[in-house]
Amino acid sequence: MNILTIPLRCARKKWLRTLSLFCIFTLGVASIVALREVSAVVGESLERKLTSFGANIMVSPARETLTVSYGGLPLGDLLLDEGHLPHADTARRIRSIEFNANIAAVAPKLVTMARIGSPVGAAVPVAPLPVAVVGVDWSEELSLKGYWAINGSTPGGATSKTPEGALAGHTVAARLGLAPGSVVHVNGHAVTITGVIGATGSDDDNVLLADIGFVQRSFNLPDKASFVEVAALCAGCPIDDIVAQLRAALPGQDIKALRHVVEQRMYSVHFAQHLALVVSLVILLTACAMVVMSMLSAVNERRREIGILRSVGFSRFGVFTVFASEALLVGVAAGLVGHLAGHGLALKVLDLLHMADVAPPVFSPAALALTTGGIAAVSVLAAAFPAWKASRVEPAAALVSL
């Protein structure tokens, strides 16, 4: 019998206590691993879903303004150059940055003005009104505007009959009497209103949205965009890095991060991750408390054994090592089994949550080794005080009851 076999013999002798301690630690490790992996995937999924509530980076041409006044009376600012971006080249450059995997959507906008009257065949004609006509890329725009409630269909959809279709904002539709199927003239071109956007409380209520290619042709602005909205995923890297790369890819353009949007999204993502961290710490502390209580109980039960070990020549460090080794064995076993169980549990939970749009966590041998080593170290630290207490037992005092 030596210092290595004694912990194994003790664990086998008190197998029920060892098994209960192993189960407690294994459940704790499995819960922590599952929470960590699920929170990481949920955080990424949450941020991707938040992109449907708008962009967080704005790319626009650098514009010059002139403050006009006369006789000390300010007359406002004069825009010297309306400025446009090259549509295709700008989108290509944005998609080509190093962190392109973090770009969820690139939504160009071409903003123009037109006078639009009542729809064709209206019972009560309305005088033409100036209306902003905004050209958009429908696939990108709809990914940013998941909150739209559309009465009708989007242009080019399954029920749309014409490519020259448009969506009308709530306010514009009310003022002009527009409804799905109405036909209006935009700069001399007939346009079918395929749907009306429900009230959003944003600028979308006051505009007519059409395909950007159609607006470019209708207003003789080939390959032009007024600005580009970019939805970037910020969890993988700082938003400042993405903005810096966009500035390098688009020199001379005005690129701004919408800080309040970024902060709100990251708060939501971090809240989910921090909540999982707090729960994990509570589970870990509970497991450590159980180790301390179990080892203290073992010390009280084995005072005679400790006295025998001391009397046959075991040093205090040797007795300390015996109890620390028992905790180490339980920690290693619980770390291995708990990590594997936690990974499997995480996959099952993600499947139940229908997180198919985000890549599931991949099993990592390095993570398994890190978890096992960490839990082994924690279990030894938790057992340090009981082991120290055992090492302080005097042989004479322990053997007096024999």
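A residue counts as exposed when its relative accessible area is over 50%, as buried when that value is under 20%, and as partly exposed in between. Keep this in mind as we look around this predicted model.

Most residues other than glycine have a negative phi. Here are two that go the other way.

| Residue | Phi | Place | Relative accessibility |

In soluble globular proteins, nonpolar side chains tend to be buried together. The largest nonpolar core here has 22 residues, and Ile-116, Leu-178, Val-184 and Ile-193 are among those that touch the most other members. Several elements each supply at least two residues of this core, including strand 5 (103–116), strand 9 (183–186) and helix 6 (212–218). Another core, of 19 residues, lies apart from it, with Leu-85 and Val-228 among its members.

Take a closer look at Ile-193: leaving aside residues up to four places away in sequence, its contacts include Ala-166, Leu-178, Pro-180 and Leu-208.

**A pocket to explore**

The second largest pocket holds about 240 Å³ of space. Its lining has 13 residues, with Ile-32, Arg-36, Leu-370, Thr-371 and Ile-375 nearest the centre. Helix 11 gives the largest share of that lining, five residues. By class, the lining has nine nonpolar, three polar and one charged residues.

How values were computed. Residues are numbered from 1 along each chain as its sequence is written. This is a predicted model: local features need pLDDT of at least 70, side-chain atom pairs count only at pLDDT 80 or more; totals for chains, interfaces and linings use all residues. Side-chain values use heavy atoms; hydrogens and water are left out. On a 1 Å grid over the protein atoms alone, a cavity is a set of points where a 1.4 Å probe fits but cannot get out, and a pocket is an open set with protein on both sides within 12 Å along at least five of seven lines; lining residues have an atom within 4 Å of a point. Grid points are joined across faces, edges and corners, and a volume is the space filled by probe spheres set on the points. Helices (H or I, at least four residues) and strands (E, at least two) are DSSP runs, numbered from the N terminus. Ala, Val, Leu, Ile, Met, Phe, Trp, Tyr, Cys and Pro count as nonpolar, Asp, Glu, Lys and Arg as charged, and the others, Gly among them, as polar. A nonpolar core is a set of buried Ala, Val, Leu, Ile, Met, Phe, Trp, Tyr and Cys residues joined through side-chain atoms within 4.5 Å. Buried means under 20% relative accessible area, exposed over 50%, partly exposed in between (1.4 Å probe, protein chains only). Contact means heavy atoms within 4.5 Å.
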